[in-house]
Amino acid sequence: MAWFLGLGIAGVVLLVLSLVFDGVLEGLFDGVNVLDGLFDGWLSLPVIAGFVSMFGFSGAIVMGTTGLGAVGATVIGVPAGVGTGWLAYRLSRALMSDRSGAAPRDDDLIGISGSVVTAIPADGYGEVLVRLAGQPVKLSAKSPVPVARGAEVWVEEALSQTAVSVRLVER
């Protein structure tokens with residue numbers, strides 16, 4: 001029974017290490033083309049840790065509560081470990097494929113209004129404050145005409161992720 005408990009504890013320790021050192025094992029084998037993607041699926045650390053811990057703990061429970069011995073504990077522990085590994089795999093795939101929080105793109109800036117926080121000289125750069133997805137974002141801004149601090153502007157073009165071309169709002 002001590003072997004099964006040791007495997008269960010080793011699986012839990014492996015799971016904690018996989019959470020703390022996420023991606024370390026994958027990084028160790030970066031240059032080896034044969035192993036590309038091997039540690040992302042069924043051989044990922046959470047899947048292996050789930051298998052080992054459930055195999056060990058269920059084997060220890062079987063040995064402690066029945067008279068089946070090590071062979072019976074193994075026969076029951078392996079399917080329990082496989083089931084737990086499968087659940088860990090499915091859960092990690094579901095979490096990794098969640099696309100609900102898509103990051104804003106440069107095109108999302110076009111047409112939003114903002115105010116100038118650092119004056120923009122003609123054909124030079126200043127700063128504007130805009131609201132993107134409800135969050136204030138400060139961007140570098142360029143304008144063909146000088147724009148004073150505090151003026152309201154519209155974003156006409158995204159020059160990069162941190163710079164935009166603006167136009168003064170006509171009143």
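**From helix to surface**

Helix H3 (residues 45-65) has 21 residues, so at 1.5 Å a residue it should span 30 Å; its end C-alpha atoms are 30 Å apart, which agrees. The expected span is 1.5 Å times one less than the number of residues. Helices (H or I, at least four residues) and strands (E, at least two) are DSSP runs, numbered from the N terminus. This is a predicted model: local features need pLDDT of at least 70, side-chain atom pairs need 80 or more, and totals for chains, interfaces and linings use all residues. Residues are numbered from 1 along each chain as its sequence is written, and side-chain values use heavy atoms, without hydrogens and water.

Which residues of H3 are buried? Among them are Val-47, Gly-50, Phe-55, Gly-59 and Val-62. Buried means under 20% relative accessible area, exposed over 50%, and partly exposed in between (1.4 Å probe, protein chains only). H1 and helix H4 (69-96) are included in the cover over these buried residues. In the protein, buried residues make up 27% of the 171 residues.

A nonpolar patch of about 860 Å² includes Met-1, Leu-5, Leu-17 and Phe-57. Patch residues have over 30% relative accessible area and no salt bridge, with nonpolar side chains joined within 5 Å. Helix H1 (residues 2-20) gives the most to this patch, with seven residues. Leu-17 lies in H1. Leu-17 counts as partly exposed because its relative accessibility is 39%.

Finally, the overall layout. The protein has four helices and five strands, in the order α-α-α-α-β-β-β-β-β along the sequence.

Conventions: Patches are made of residues with over 30% relative accessible area and no salt bridge: like charges are joined within 9 Å, nonpolar side chains (Val, Leu, Ile, Met, Phe, Trp, Tyr) within 5 Å. Accessible areas come from the Shrake-Rupley method with a 1.4 Å probe; for residues, only the protein chains shown count as cover. A salt bridge is a side-chain nitrogen of Lys or Arg within 4 Å of a carboxyl oxygen of Asp or Glu. Contact means heavy atoms within 4.5 Å.
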